[in-house]
Amino acid sequence: AEAARTGTKVVAIGDHLQLQAVGVGGWFREIHRIVNGLTLTENRRQEDAAERQALEIWRTGDHRLALELLAAGGRVHAAETADEARSQILTTWDELRGSRWPDTYDLIQHLVVLAARNSDVDALNLGAQQIRRAAGELGDEHTYAMPGGDSITLAVGDAVRIRVNDYRSRRGEGPDMLNGYRAMVTAIDDEHRLEVTWRVRDRREESGYRYESGWMTSDQIASGSLSLGYAMT
C-alpha cells in the first residue's frame with residue numbers, strides 16, 4: 001500500500017524454497033504467483049550434474065531420494081554416532097591433504113573442515129593437530145591459558161585462524177591482520193609470542209603469491225585472538 005501511494009516500484013528477488021516463511025507467511029511466493037513473475041530454471045552454482053539433479057529433487061520435497069543420490073555419488077557419508085562422524089571426517093581430511101595439499105599454505109587455501117557447533121569444531125581442530133603432530137609436521141609449541149580455565153596449544157607449522165581485526169598498517173606496524181584470516185604459525189620466541197604468516201594472491205610475483213606476517217603477544221593469544229584453523233563453523 002505504501003509503495004502504491006508513493007509510486008514506488010518494488011523488485012523482489014529470491015527463492016521461496018531456500019528460506020521458507022514461518023507459519024502462514026510466504027508473501028514472496030504469493031506475489032510471485034499473482035504477477036506471474038520470472039523464474040530462473042538453470043542451476044549455475046553446482047557444476048556437477050549429479051549434484052544438480054539431487055538438489056532439484058530436494059526442492060520437490062523428496063529429501064530421502066536426494067540424499068541417496070548424493071550418497072551414491074560420494075557426496076554424503078552416513079555415520080552411526082557423532083564420534084564416528086568426526087573420525088571419518090578427520091580420516092578423509094588426512095587422506096586429501098596428504099595426496100593433494102601437503103604444503104600448509106595450499107592446505108589452508110584449498111581445504112577446510114566445517115561443523116555446525118563450536119564443540120565439534122574444537123574436537124576436529126584438536127584431532128587435526130594431533131594427526132600432524134604424530135606425523136612430525138609440527139615444531140616448537142606452547143600452551144596458553146584462556147579465560148574460564150580453558151587453554152590452547154599452538155605449534156610452529158599449525159594452521160590458525162585470526163579472530164580479531166588489528167589494523168596495523170594505520171600504526172605503521174606492518175600489514176593488517178583481519179578477523180577470519182587463516183594463516184600458519186611460523187615462529188615462537190622466548191616470550192611465547194607467535195609469528196603467523198599468510199599467503200596473498202599477487203600477480204606481480206612469479207609464484208602468483210606474496211607472503212605477509214605479523215607477531216601476536218601471549219596476552220593477545222590468551223584473550224582469544226587466535227584459534228586453530230583446520231576446522232570452523
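A: A salt bridge here is a side-chain nitrogen of Lys or Arg within 4 Å of a carboxyl oxygen of Asp or Glu. By that rule the structure holds 22 salt bridges. Bear in mind that this is a predicted model, where local features need pLDDT of at least 70 and side-chain atom pairs count only at pLDDT 80 or more, while totals for chains, interfaces and linings use all residues. Residues are numbered from 1 along each chain as its sequence is written, and side-chain values use heavy atoms, with hydrogens and water left out.

Q: Which residue meets glutamate 51 in a salt bridge?
A: Side chains of opposite charge can pair when their charged atoms come close. Glutamate 51 pairs with arginine 75, at 2.3 Å from N to O. The two come from distant parts of the chain, 24 residues apart: glutamate 51 is in helix H3 (residues 49–60), and arginine 75 is in the loop between helix H4 (63–72) and H5. Helices (H or I, at least four residues) and strands (E, at least two) are DSSP runs, numbered from the N terminus.

Q: How far apart are the closest N and O atoms of glutamate 68 and arginine 64?
A: They are 3.3 Å apart, in a salt bridge. These residues are separated by about one helical turn because they sit four residues apart in helix H4.

Q: Is arginine 64 buried or exposed?
A: Buried means under 20% relative accessible area, exposed over 50%, and partly exposed in between (1.4 Å probe, protein chains only). Arginine 64 has 65% relative accessibility, so it counts as exposed. Glutamate 68, at 43%, counts as partly exposed.

Q: What about aromatic pairs?
A: A pair of aromatic rings is described by the distance of the centres and the angle of the planes. Rings of Phe, Tyr and Trp (its six-membered ring) pair if their centres lie within 6.5 Å; planes under 30 degrees apart count as stacked, over 60 as edge-to-face and the rest as tilted. Searching the whole structure turns up four such pairs. One of them joins tryptophan 93 and tyrosine 230, edge-to-face at 5.7 Å centre to centre, with 80 degrees between the planes. Tryptophan 93 and tyrosine 230 are both buried.

Q: Why is the pair of tyrosine 105 and tyrosine 211 edge-to-face?
A: Their planes are at 65 degrees, with the ring centres 5.0 Å apart, so the pair is edge-to-face. Tyrosine 105 belongs to helix H6 (residues 104–110) and tyrosine 211 to strand E7 (residues 209–216), 106 residues apart.
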